[in-house]
Amino acid sequence: MNRTTLSLIGAATALAAVTGVAALTGGSSDDADASAKAATRLPVQRSTLLCPTPSSSDVSSTTYTAYTPKRDGVDAKDGAAELLPAQNPADDTADPGGDGGKGDGKNGKDGGKGGQAAPGGDKPVLPLKEPGKPVTTEESSAGAPALIGTADGRFAPGWTVQQTTTIDAGSGRGLLGTACTAPDTDFWLPGVSTDRNRQDFVHLTNPDDAAAEVDLKLYGPSGRLKPSTDEAITVPPRSTVPILLSTLTDQRAAGASLHVTARTGRIGAAVQAVDQKAGSDWLPASAVPSTSVAIPGIPKDATSARLIVFAPGSDDADLKVRLAGPNNAITPAGHESLHVKSGMTSAIDLGDVTKGEPGSLLLTPEGGEGRATPVVAALQVTRGKGSDQETAFIPATAPIERSATAADNRTKGSTLSLVAPRGSAKVRVTASAGAGGGSPVSKTYEVKGGTTKALEPPRPTSGEGPYAVTIERLSGGPVHASRMLALPQDGVPMFTIQSLPDDRGTVVVPEAGQDLSLLNDD
């Protein structure tokens, strides 16, 4: 092997170990197994998370909870984890959770309040003291900005931040929850709307010191919605920009898909969806396009469920639709299959599909993997009826390869959903100490293939305050997970659901002298 090849290998190894963002595995499962034997898995050394602006409503409050699990093999004794406020370049920021927003909503100009202090002022928010112990704070959401956070050293592997907002009244009334996410350059968000009964704001946050140029494209049932302008959105350095989706086009679509791409730089992207009748919640990005999709965690008392699917490639997709319940997987009556045309958003109303039992949706190629077309998907779920409805969104969720964490759990109201689409799997669920003390508790569960296991997660002993729940896949097939937090108020079944993909707390790096062709798709 010549000097150039060795230098490239060394550079790739250093990049993966330092940043923790290099994806060096790929190809077939056989190649992955072969490469794993000749590679090392190391904890990431640095993580970045972005939290969107929670709400400008005067009748809202937000709980922030941060947590890093204890990890075997993490030898670092130092490090830090904290968040700082992002800037808002507009004089007026969006107010999707308050009076519904006024103004054009473009580039953050929407007639709300802006420029107010971050939670706790300009000081760092939620600095962690040690892994295994969550920290939490509760703040008024009015004027609270987006947050940009970094963790390094012993706090980086598995660092998780949860943002949970309660809006007591108004058109945005509801419980809005989201896990703060890592920056990226490409996002698919099926399930958005430009309908008059919905006000959806996409929040774009730039963590870096250079401006990001972002393209937003909307696709409805008949294809791309005609844009009002082809200009890119500029997100200034270390800033956030909220944009009202209905200002991007004159066409109205009750079910649409949003594609967010960064021409330059990287961003975080999440949609705050406000329904005039059914409350509001965050709509996170779908997992990357895949030929098979899992949407975990439909509540047993869901009164309606609406599936939204988009095929971003050049081929149509024909999908089998199955509901994985507590005992087996069945086909929902009247919805055996779904045809999705390329470049068009398809939606089907499944009604009260769970019939009193918890479940998860599984989408697989109807003609087998040989005729598979990658898709993105999300599910809009409603609980309650009439004026007491509340809505949440579950995106297609990537499997847990090693572990995943939900950071904000309460004494009551948390439900963990685990689905194993193929073979059975064994997982360990660990409740951390509470923010106010206590000791962690772990339990092991088996999830049978083709079923959903919904459970109340363990609670810490003698603990007080919010606590974290970490899922570790111990053996068996792939597992997909979500966590529902239900906090009913005045007869309204307020709830929010967060998907739990792998936390990417470790990265596989090649051994010195290893052929990188084994670790890439090329």
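# A guided tour of the predicted model

Begin by selecting Arg198 and Asp200, both of which are buried. The model on display is a predicted one. Show the two side chains: Arg198 and Asp200 are joined by a salt bridge, with 2.7 Å from N to O.

**The sheet around strand E10**

Now display the whole sheet, which is open, has four strands in the order E14-E10-E16-E17 and shows antiparallel pairing. At its edges are strand E14 (239–244) and strand E17 (279–283), each of which pairs on one side only. On average, neighbouring strands of this sheet are turned by 20° against each other, direction ignored.

**A second open sheet**

Move to the strands E5, E3, E7 and E8, which in this order make up an open sheet of four strands with antiparallel pairing. Strand E5 (135–140) and strand E8 (174–179) are the edge strands, pairing on one side only. From one strand to the next, the twist averages 15°. Select strand E3 (residues 60–67) together with E5 to see an antiparallel pairing over six bridges. Here Thr63 stands opposite Glu138 in E5.

Which residue forms a salt bridge with Lys355? The partner is Asp352, and the closest N and O atoms are 3.2 Å apart. Lys355 is exposed, with a relative accessible area of 63%, whereas Asp352 is partly exposed at 35%. Then select Lys133 and Glu130, whose side chains meet in a salt bridge of 3.6 Å, N to O. Lys133 is partly exposed, at 44% relative accessibility, and Glu130 is also partly exposed, at 33%. The count for the structure comes to twelve salt bridges.

**The aromatic cluster**

Select Trp188, Tyr219 and Phe310, which form one aromatic cluster. The structure holds three aromatic pairs. In one of them, the rings of Trp188 and Tyr219 have centres 6.1 Å apart and planes at 45°, so the pair is tilted. Trp188 belongs to strand E9 (residues 186–192) and Tyr219 to strand E11 (residues 212–220), so that this pair links distant parts of the chain, 31 residues apart. Are these two residues buried or exposed? Trp188 counts as buried, at 9% relative accessibility, and Tyr219 is buried with 14%.

Tyr219 also pairs with Phe310; this pair is tilted, at 5.0 Å centre to centre and 45° between the planes. Phe310 lies in strand E19 (residues 304–310), and the pair spans distant parts of the chain, 91 residues apart. Phe310, like Tyr219, is buried.

**The nonpolar cores**

Finally, turn to the largest nonpolar core, which has 30 residues. Which of its residues touch the most other members? They are Ile295, Leu307, Val309, Leu350, Leu361, Leu363 and Leu379. Strand E20 (residues 317–324) gives the most to this core, with four residues. Centre the view on Leu379: leaving aside neighbours within four places in sequence, its contacts include Ile295, Leu307, Leu350, Leu361 and Phe393. Apart from this core lies another, of 27 residues, among them Val214, Leu248, Val271 and Ala273. In soluble globular proteins, nonpolar side chains tend to be buried together.

Technical notes:
Residues are numbered from 1 along each chain as its sequence is written. This is a predicted model: local features need pLDDT of at least 70, side-chain atom pairs count only at pLDDT 80 or more; totals for chains, interfaces and linings use all residues. Side-chain values use heavy atoms; hydrogens and water are left out. A nonpolar core is a set of buried Ala, Val, Leu, Ile, Met, Phe, Trp, Tyr and Cys residues joined through side-chain atoms within 4.5 Å. Buried means under 20% relative accessible area, exposed over 50%, partly exposed in between (1.4 Å probe, protein chains only). Helices (H or I, at least four residues) and strands (E, at least two) are DSSP runs, numbered from the N terminus. Contact means heavy atoms within 4.5 Å. A salt bridge is a side-chain nitrogen of Lys or Arg within 4 Å of a carboxyl oxygen of Asp or Glu. Two strands pair if DSSP finds at least two bridges between them. Axes are lines fitted to C-alpha atoms, for helices over the stretch in contact, and angles run from 0 to 180 degrees between N-to-C directions. Rings of Phe, Tyr and Trp (its six-membered ring) pair if their centres lie within 6.5 Å; planes under 30 degrees apart count as stacked, over 60 as edge-to-face and the rest as tilted.
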